[in-house]
Amino acid sequence: MERHDYAQGVKTASRQLVSVMKHLFRNMLLVSAVAGLLGACAAPQGAFPVDLLSAEIETRQGPGAAELSEPTRVIVLGTGTPIPDARRAGASIAIIHKGEAYLFDVGAGSIRNATVARYKYDIPSLYPSQICCVFITHMHSDHTLDFPELAYTLWWRRRAGLLSWGPTGMVRMVRGLTEMMGPDTDVRTRGSQPLPNPTGNVVTVIEIEEGIVFKKDDLVVEAFKVNHGNIKPAFGYKITTADKSIVISGDTAYSETLAEKAKGVDLLFHEVISELGLMKNSPFWQNYHKNVHTTSIDVGRIASKAQPKKLVLYHGLYYGTPEASVIDEVKSVFEGEVILANDLDVF
Ligand SMILES: [Zn+2]
Ligand SMILES: [Zn+2]
């Protein structure tokens, strides 16, 4: 009797367990379907893993051995313009070299993308409080708005305060930022919060002239003047390492200097304004844009002179023309490889 009851009990328990498992399985399918749907809606550009850990503090003290031996990588953190865009953060390109991340411009949303890229591609140096260095092309806000985000995100955990380079105006911006964040610094410094690095918020700023502005191991960063109308100075950057050469235009109208600096580089990142899109603007705006930005046809002319291995378009202004048409516009002049960059692209 006891045995029978026991067996019966096991049978009932098993049936209940199977039923619970079926229920759980159905719910899991439902949850993953909903997560998939949400993922598809929220991140149309793809593969954003949903099984990431929640917020974690990156405490690495410096580049690991594996990072030191990796080839140079370029991660596109933002391809947008001043016009808010749900799919594109403000302009920013990260170069990962020997376990350090060097950012070129920090438009709005780019530091959020740095966190995404840190996990998507397993690049610890892209965790915001691990990013050592930033180079600014010019002082337009669509290239600087995430400077505060970069300098002050988890600043008390920074290995060292942010190092920054850029044109005249940088010192004023950093002075203002320090003032703006004063209340935060005060309450954290004078309160009960432990501060592993009490000076992690101190930003080092160097206002540059054209020429070589930074060297570390085989990495060389050279700034050169570009033609961004009356926004002066505005710099482009050439970055050379043992295995890659990269030119970043920043914002510029047609520039012979840039074509010269970009001769034969592996990657030329160039801003672009659609020739067809531009025609939809008033004569006033057409004239303004022609003086400060490069039309698709002129980007093609520059690439034909420079012959980069890859021409990567970013910071695109389209004014209602389909984005992809800008590639055809450039290709009508330049026969080489042309890519229209999206946020989080890797080269
Ligand atoms: Zn811009
Ligand atoms: Zn600009």
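Modeller: A residue is buried if 20 or more other C-beta atoms lie within 10 Å of its own. The model here is predicted, and the count is taken from its coordinates.

Colleague: Why does Leu344 count as buried?

Modeller: Leu344 has 22 C-beta neighbours inside 10 Å, and therefore counts as buried. Leu344 belongs to the segment after strand E13, which covers 338-340.

Colleague: What separation do the C-alpha atoms of Leu344 and Gly78 have?

Modeller: Their C-alpha atoms are separated by 7.5 Å, although Leu344 and Gly78 are 266 residues apart along the chain.

Colleague: What is the mean pLDDT of the protein chain?

Modeller: The mean is 89, and 85% of the residues reach 70 or more. Residues 1-7 have pLDDT below 50, and beyond near neighbours in sequence that stretch has zero contacts in the model. Over residues 9-14 the pLDDT also stays under 50, with zero contacts beyond four places in sequence.

Colleague: On to the sheet. In what order do the seven strands come?

Modeller: The order is E7-E8-E9-E10-E11-E12-E13, in an open sheet with mixed pairing. At the edges are E7 (211-216) and E13, each of which pairs on one side only. From one strand to the next the twist averages 20°.

Colleague: Are E8 and E9 paired in the parallel or the antiparallel sense?

Modeller: Antiparallel: six bridges link E8, residues 219-225, to E9, residues 235-240. In one of these, Ala223 has Tyr237 of E9 as its bridge partner.

Colleague: Which residue in E10 does Tyr237 stand opposite?

Modeller: Tyr237 stands opposite Ile248. E9 and E10 (residues 245-248) run antiparallel and are joined by four bridges. The two strands form a hairpin, with four residues between them.

Colleague: How many bridges does E10 share with E11, and is that pairing parallel or antiparallel?

Modeller: Three bridges, in the parallel sense, pair E10 with E11, residues 267-273. Across this pair, Val247 stands opposite Leu268 in E11. With E9, by contrast, E10 runs antiparallel, so the mixed pairing of the sheet can be followed at E10 by reading its two neighbours in turn.

Colleague: Which helix lies across E11 and E12?

Modeller: Helix H10, residues 296-306, lies across E11 and E12 (310-317). H10 runs at about 160° to E11.

Key
Residues numbered from 1 in each chain as written. Chains lettered and ligands numbered in written order. Predicted model: local features only at pLDDT ≥ 70, side-chain atom pairs only at ≥ 80, totals over all residues. Buried ≥ 20, exposed ≤ 12 C-beta atoms within 10 Å, placed from the backbone. pLDDT = per-residue confidence, 0-100. Contact = placed C-beta atoms within 7 Å. Axes fitted to C-alpha atoms, helices over the stretch in contact; angles between N-to-C directions.
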